[in-house]
Amino acid sequence: MPGELRLMTGYDALVEGAITAGCRFFAGYPITPSTEIAERMSNRLPKVGGIFIQMEDELASIIAIIGASWGGLKAMTATSGPGFSLMQEGLGFAVITETPIVLVDVMRGGPSTGLVTLPSQGDVMQARWGSHGDYAIIALAPWSSQEMFDLAIKAFNLAEIYRNPVIILSDEVVAHIREPIKIPPPGEIEIVERRKPSVPPTEFIPYLPEPGEWVSPMPAFGEGYNLLVESVMHDEFGHRIGMGQPIAERKIKRIYYKIEKNVEKIAMYEERGLEDADVAIVTYGSSARTSLKAMKDARNLGIKVGMLRLITLWPFYDKLIEELSSKVKSIVVPEMNMGKIVREVERASKGHCKVFSVPKVGGVLHNPDEILSAVKLAAR
Amino acid sequence: MIQEENFEHILAKKYMRTELLPHAFCSGCGIGIIERMILMAFEELGEEEWKRTAFVSGIGCSGWTPLYFRSDVAHTLHGRALPFAIGLKLAKPELNVIVVMGDGDSMAIGGNHLIHAARRNIGLTAIIVTNMVYSLTGGQMAPTTPEGAITQTTPYGNIEPNFDLIELMKAAGATYLARWTTYHVIQAKNSIKKAVKHKGFSVVEIISQCPTFMGRYVLNKSDPRDIMQWFKENSIPVSVAATKSPEELKGKIIVGEFLHKPEVMEYTERLKLLKERVGRR
């Protein structure tokens, strides 16, 4: 029942969040550790009038949800590591056609088939840069079952607002964890519906946003708009342009800036104990769970340490890090990879403070003591 | 020089984005004929059918086929037209979704999607343009290139056997199958009509001339009229082919309607039944 506490795994919470957001189409391919999302969707969607289809591979899964999105449905897929690599092709297609979709990557250890059942945060840069060409992306990193629910809804809303793919960068720990979550009553949940054109088909220009808008409304196929959904670089009508530099530049800059220039609206984060902090832990996803313990241990030792948990990883909120870096002595960045987001933190902090990377690879969470040691070093 | 008034053709005026004409195909390309086959089919199917039709295509010369149609059109990625069409068809089962692909697009890079679309018997119409080479990239070997043919990537002769699309689709589970050449305009138009009306997964293969590359390399003929003459002389109706030995059929194009199984339940109908069953619980 809405409003009550329920014990849910991360993937169950994610599926319920997606369905609450209006997701009515899921195409996927089984892959550990994201398979449970597909299983749960195959169970839930037919009961709410939605469609589940198991595709022949991940290449097809992401393209099928793009097709369903142009058929007027809110659509999602979920995958892990190797599947996420295959989906980079379709991700670029969704970007250039400005198709709202939600892609869940339950990160596992790589490279290649890698550490199939173990957690990692190795895909954070792939999420940003994985498809070829210039574009921008939105990626959210949940740290709990509650956030798997909340951010699923947020992801669908952002996808509709910006007509862009949104990636939920979960990981094996957050997907499989079982925690109490609170589902708000339906009236209290903000759900963004797709904007439809207010002009008749003859006056509608599919890729020319109205003044003050970054994207156009999006009609579906079969509504009389004679749409041209084009993977080739195209003009405002969707007409393919082989060459034509000013048109291409206009398009690329718009799909880039519609995300990057709205970073303040898109960025979500959580601050803990930063008011008096000398050291800031900047982290995200399940690494933030371990960091919280390290932060408490450091506080018990008298070290003034706080935590900035990034919920939105992309677009990266440079200003937030720059402001933080001029307030603290040093920043510590624990993450389950060889040090990826730390590069962004270093760049955005512009040398105002020292930045320490706390990498962890091999398929396990940090031991809180490892983060504590880094904090002690950073506090010196 | 192409004159503006040519675009005033009744079919062009009625169904095409004439502002995009003249189209980008080489002179003598078979795709113009195939566009005409499709539009002639819809002229007979009627306006209501056209209004509830959408086109999806992949990459390659053939992927450009529906871009000129005044309809909802998706020009997707190389090999990925079918998954897009599947998502669209499931979201809007009332649409006729026509997927135009080339031989490389459908049978090489998109081969996995093709066999699984056929296995599902999902209600799409695949119009597959077979010209036996990769034309848009300049004439390389395709999965349909005949053995021995010289192409840009088989300079010493093609050592690979070629796919027979019809046999492939029969085995995979398609429920309507026809093959014609660009010479057989009326027959192909009739098969496209039937394929659009067919509920399950239908495939119409059109053997088409690419005078620029396939003509030059595979057939040693650059004049489209010579290639079409060759199609005419080398085509054998499926009923006649049944009486011939494999040796007699070597190098021949078997044309006609190969399969029509309207009784096999289509995918979106199965899905509808599943939803009703689950909803009742």
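## Basis of the model

The structure is a predicted model, in which local features need pLDDT of at least 70 and side-chain atom pairs count only at pLDDT 80 or more, while totals for chains, interfaces and linings use all residues. Residues are numbered from 1 along each chain as its sequence is written, and chains are lettered from A and ligands numbered from 1 in the order in which they are written.

## Chain B as a whole

Chain B holds 13 helices and 10 strands, these being DSSP runs numbered from the N terminus (helices are H or I, at least four residues; strands are E, at least two). Its radius of gyration is 19 Å, close to the 19 Å that the globule rule gives for 281 residues, so chain B is as compact as a globular protein of that length; the radius is taken over C-alpha atoms, and the rule is 2.2 Å times the number of residues to the power 0.38.

Of the 281 residues in chain B, 51% are buried, where buried means that 20 or more other C-beta atoms, placed from the backbone, lie within 10 Å of the residue's own, exposed means 12 or fewer, and partly exposed lies in between.

## A helix pair in chain A

The axes of helix H3 (residues 58-70) of chain A and helix H4 (residues 81-96) of chain A come within 8 Å and cross at roughly 30°, the axes being lines fitted to C-alpha atoms over the stretch in contact, with angles from 0 to 180 degrees between N-to-C directions. That angle makes H3(A) roughly parallel to H4(A), a term for angles under 35 degrees, with over 145 counted as roughly antiparallel, 65 to 115 as roughly perpendicular and the rest as oblique.

## Where chain B meets chain A

In this interface, 31 residues of chain B are in contact with 35 residues of chain A, contact meaning that the C-beta atoms, placed from the backbone, lie within 7 Å. Strand E2 (72-75), helix H4 (81-91), helix H6 (111-120) and helix H13 (267-280) of chain B each give two or more residues to the side that touches chain A, and H4(B) gives the most, with eight residues.

## Lys89 of chain B

Lys89(B) lies in helix H4 of chain B and is buried, with 28 other C-beta atoms within 10 Å. Apart from its neighbours within four places in sequence, Lys89(B) is in contact with Leu95(B), Val97(B), Ile122(B), Gly123(B), Leu124(B) and Thr268(B).

Definitions and conventions
Contact = placed C-beta atoms within 7 Å.
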